[in-house]
Amino acid sequence: MFLNIKDLYFKYNNSKEYTINKLNMNIDRGDVLAILGESGSGKSTILRLIAGLEEPLKGSISLNDNILMDKNTFIMPENREIGMVFQDYALFPHMTVSKNILFGLDKMNKKKKISRLNEVLKLIDMVEYKDRYPHELSGGQQQRIALARAIAPRPSVLLMDEPFSNLDADLKNKIRKELKEILNKADITTIFVTHNKEDARAIANKVIVLDKGIKINKGLVDNII
Ligand SMILES: Nc1ncnc2c1ncn2[C@@H]1O[C@H](COP(=O)(O)OP(=O)(O)OP(=O)(O)O)[C@@H](O)[C@H]1O
């Protein structure tokens, strides 16, 4: 297995109960996994734990045979090779599309950076938008830029928090299709969280269902929802 989470427990400082309660989860390379659950079930918290933005109380997380965290180890977020697309996209408003995407590529030399920038712009079909600012883009376009920025450094895993929550209902079908195509083309292992079964069905091949921080079901999308 590619990403392995074992007996993970987590609690926010001001909370009495575990937010994540003995979570076990595996994902294979190339999977697109949906974490499905109601508001407050702990979906975003799982992504933050995988990304290293929160520290679990107990358990372990490993990626591609490297331990990201266990009782002796804690790899910092910037060293985890994980890309994240936040619910509000978190684009830098004062930077153009190109600058936003280049931001994650600071370790590459200039020639490689430009070549990777052009590659991801083509992948998301937005070459002609490269000099625009985020406020000059639609919600769906901003989402694609956030996606391009996250995958530009070729992370091992892509995490997406509620990728459709900010989008117009009419646009949803189109954007679901686009996102699925981009993820297929980029061939990237992905975990995304959603409260919407249709989102999970449209994009994911596997799903886990979460209730109050506890995994209650898992499997192939076709068998579960
Ligand atoms: N920074 C925080 N401090 C304290 N409690 C928090 C914090 N962030 C989240 N929580 C609590 O942890 C629980 C899980 O939150 P989380 O955001 O992971 O849920 P979620 O399933 O992603 O919800 P939503 O679908 O509404 O985004 C909730 O009860 C929430 O109130």
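**Note on the predicted model**

1. G42 touches T19, I20, L210 and G213, leaving aside residues up to four places away in sequence; two residues are in contact if their C-beta atoms, placed from the backbone, lie within 7 Å. This residue, G42, is found in the loop between β3 (32-37) and α1. Helices (H or I, at least four residues) and strands (E, at least two) are DSSP runs, numbered from the N terminus. G42 is buried, because 25 other C-beta atoms lie within 10 Å. A residue counts as buried if 20 or more other C-beta atoms lie within 10 Å of its own, as exposed if 12 or fewer do, and as partly exposed in between, with C-beta atoms placed from the backbone. The C-alpha atoms of G42 and L105 are separated by 31 Å, and the two residues are 63 apart along the chain.

2. This is a predicted model, in which local features need pLDDT of at least 70 and side-chain atom pairs count only at pLDDT 80 or more, while totals for chains, interfaces and linings use all residues. Residues are numbered from 1 along each chain as its sequence is written. The mean pLDDT of the protein (the predictor's confidence in each residue, from 0 to 100) is 91, and 99% of its residues reach 70 or more. For the complex, the predictor gives an ipTM of 0.95 and a pTM of 0.91.

3. The ligand is surrounded by 13 residues, the closest being Y12, S39, K43, S44 and T45; a residue is near a molecule or strand if its C-beta atom, placed from the backbone, lies within 6 Å of it. Helix α1 (residues 43-51) gives the most to this shell, with three residues. By class, the shell has one nonpolar, eleven polar and one charged residues. Ala, Val, Leu, Ile, Met, Phe, Trp, Tyr, Cys and Pro count as nonpolar, Asp, Glu, Lys and Arg as charged, and the others, Gly among them, as polar.

4. The domain assignment gives domain 1 (3-81 + 155-224) and domain 2 (94-153); such bounds come from an automatic or database domain assignment. The contact takes twelve residues from domain 1 and nine residues from domain 2. On the side of domain 1 that touches domain 2, helix α5 (residues 169-186) gives the most, with five residues. That side has nine nonpolar, one polar and two charged residues.

5. Overall, the protein has seven helices and ten strands. Of its 225 residues, 36% count as buried.
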